[in-house]
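Subject: Model handover

Hello,

Here is the model you asked about. Please open it alongside this note.

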Amino acid sequence: MKVIAVRAMESADGARALWSDADRAWASRAAAEVVGADATPDAFLARRATLAIERFGTRHPALPRAVRSLRWRPWCGWVVIGLAFVAGAFLDQVDGAKRINILAPPVLGLLAWNLAVYAVLIVGYVVRYGESATPGPLRAAVARIAGGATRLRGSGGLRETILAFAEDWARRAGPLYGARAARILHLAAAALAAGVVGGLYLRGLALEYRASWESTFLDPTRVRAIVAFAYAPGAYVTGIPVPTVDSIAAVRAPGAENAARWLHLMAATVGLIVIIPRLLLAGLAGAIERHRAARVPITLDDPYFRRLLRGYRGGPAHVRVMPYSYALPAAALAGLEALVARAFGGSAAMLVAAPVAYGTDDAFAGAGAAAAGTTLVAVFSATATPEREVHGSYLEDLARRSVGAEALFAVIDESGWIARQGGEPARLDARRTAWRQVCDAAGVPSVSVDLANPNLAAVDAALDAAIGDRAQ
């Protein structure tokens with residue numbers, strides 16, 4: 001849960017107003033020092049999340065409060081189960097004359113309700129077989145719970161962070177919550193039935209109750225057929241036969257008999273039809289719950305996690321910048337350095353190669369091939385007209401010869417175009433589209449940005465997508 005919270009925090013805070021680049025670098029460095037170089041990625045991410053939440057919480061307690069509000073408390077389930085047992089014990093089918101109506105709820109109603117539930121479960125399983133079931137109402141409830149934490153202290157970017165966390169966690173943990181709810185409800189149903197049986201026997205120990213029945217529409221033959229069907233499991237287990245039609249007729253109100261055998265038939269039937277199946281279903285739901293709790297889906301191929309793990313697994317990232325027919329001005333170079341630091345961490349090592357001459361076929365002309373694990377960044381100026389036969393050919397050659405690279409993407413620097421053309425968004429959009437088409441045709445992701453004045457928050461998603469397309 002903390003990993004998802006920190007991911008939401010670092011993704012939603014694009015402007016780094018709440019959690020700076022220095023904070024992010026510290027969290028990664030401190031986590032790596034604690035877990036060591038041989039720890040699993042999961043251990044590193046978990047430790048980093050714990051450290052980040054602790055530091056962030058000293059400034060903005062609302063996020064840790066939201067995390068705590070969504071943490072499961074086992075006692076909640078036991079309270080529901082206990083209340084169900086108490087409710088069952090007080091469900092009284094004994095009237096003022098101390099008679100048990102063999103046709104009246106709660107026993108027959110309890111049996112009918114549970115049989116209907118089993119039918120719904122079976123049909124639902126068949127209909128949804130092979131599909132992921134994420135309960136929408138549970139997800140909405142999770143979002144509301146965390147939203148309450150934002151109303152206490154959150155505002156602005158912090159509120160967006162907490163809501164993003166709640167939505168992401170609800171989406172990922174929805175199947176877990178579904179299994180947990182199923183386990184609790186099955187146990188509550190079993191407890192309700194046990195309470196009904198226990199209440200009947202408790203009253204039967206202290207008082208003598210009489211079994212009887214009455215009906216406006218049913219005769220003894222039909223009543224006998226109903227109770228023979230309903231209490232057949234109990235009769236089979238206990239060996240107590242269901243009374244004959246004559247016996248049934250004899251206990252029609254105002255007639256009655258000692259209710260002991262009826263209590264035994266009811267208790268055994270409820271045990272077989274309700275309590276045992278519900279406990280088995282609860283055990284199955286519990287096993288599914290434990291499985292899902294240990295495997296809340298976190299995809300390490302997500303660009304966000306890949307970015308974090310890149311520095312942990314292989315040390316500081318190595319980024320090789322390869323300008324094409326373009327000498328980067330000082331302002332553009334500074335912007336590119338900020339871009340690299342944001343995408344790969346402040347410890348990333350950036351090497352800028354000499355510009356490749358226009359029309360050069362060899363992608364690594366004048367420089368050695370890229371070392372394994374290096375991220376390659378081809379830089380073009382947006383002032384140049386993109387040509388499929390020239391720029392596209394260069395990118396294709398670069399892609400073919402950079403198989404061992406960590407990632408490959410192109411940066412289209414718009415600073416020169418903006419300085420020359422000024423505020424003409426239509427022409428700039430057309431130029432962006434032309435460059436994107438050339439890069440896409442070469443199979444290389446691209447990012448268009450004004451390197452002299454980069455909006456780092458705006459290009460975050462594009463950078464993640466570009467890095468993720470080739471990073472392994």
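Two strands pair if DSSP finds at least two bridges between them. Helices (H or I, at least four residues) and strands (E, at least two) are DSSP runs, numbered from the N terminus. By that rule, strand β2 (residues 210-212) and β3 are joined by two bridges and run antiparallel.

Some ground rules. This is a predicted model: local features need pLDDT of at least 70, side-chain atom pairs count only at pLDDT 80 or more, and totals for chains, interfaces and linings use all residues. Residues are numbered from 1 along each chain as its sequence is written, and side-chain values use heavy atoms, with hydrogens and water left out.

The three-stranded sheet

Three strands make an open sheet, ordered β1-β2-β3, with mixed pairing. β1 (99-101) and β3 (257-258) are the edge strands, each pairing on one side only. A211 sits opposite E257 in β3. A cis peptide bond joins A253 and P254, with omega about 15 degrees.

The five-stranded sheet

This open sheet has the order β5-β4-β6-β7-β8, and its pairing is parallel. β5 (349-352) and β8 (446-449) stand at the edges with a single partner strand each, so one side of each has no neighbour in the sheet. On average, neighbouring strands here are turned by 25 degrees against each other, direction ignored. Five bridges join β4 to β6, which run parallel. M322 stands opposite A378 in β6.

Two helices lie across these strands. Contact here means heavy atoms within 4.5 Å. Axes are lines fitted to C-alpha atoms, for helices over the stretch in contact, and angles run from 0 to 180 degrees between N-to-C directions. α14 lies across β4, β5, β6, β7 (407-413) and β8, at about 145 degrees to β5. Helix α15 (residues 388-400) lies across β4, β6 and β7, at about 175 degrees to β6.

The loop between β4 and α14

S325 is in this loop. S325 has a positive phi of about 50 degrees, although it is not a glycine.

The whole structure holds six aromatic pairs. Rings of Phe, Tyr and Trp (its six-membered ring) pair if their centres lie within 6.5 Å; planes under 30 degrees apart count as stacked, over 60 as edge-to-face and the rest as tilted. The ring centres of Y324 and F380 are 5.7 Å apart and the planes are at 50 degrees, so this pair is tilted. Y324 lies in the loop between β4 (318-323) and α14 (330-344) and F380 in strand β6 (residues 375-381), so the pair ties together parts 56 residues apart in sequence.

Helix packing

Helix α2 (residues 21-35) and helix α3 (residues 41-59) have axes that come within 8 Å and cross at roughly 135 degrees. That makes α2 oblique to α3. For the term: angles under 35 degrees count as roughly parallel, over 145 as roughly antiparallel, 65 to 115 as roughly perpendicular and the rest as oblique.

The axes of helix α1 (residues 2-12) and α3 also come within 8 Å, crossing at roughly 60 degrees. α1 is therefore oblique to α3. Residues in this contact include M9 and E10 of α1 and I53 and F56 of α3.

Best wishes
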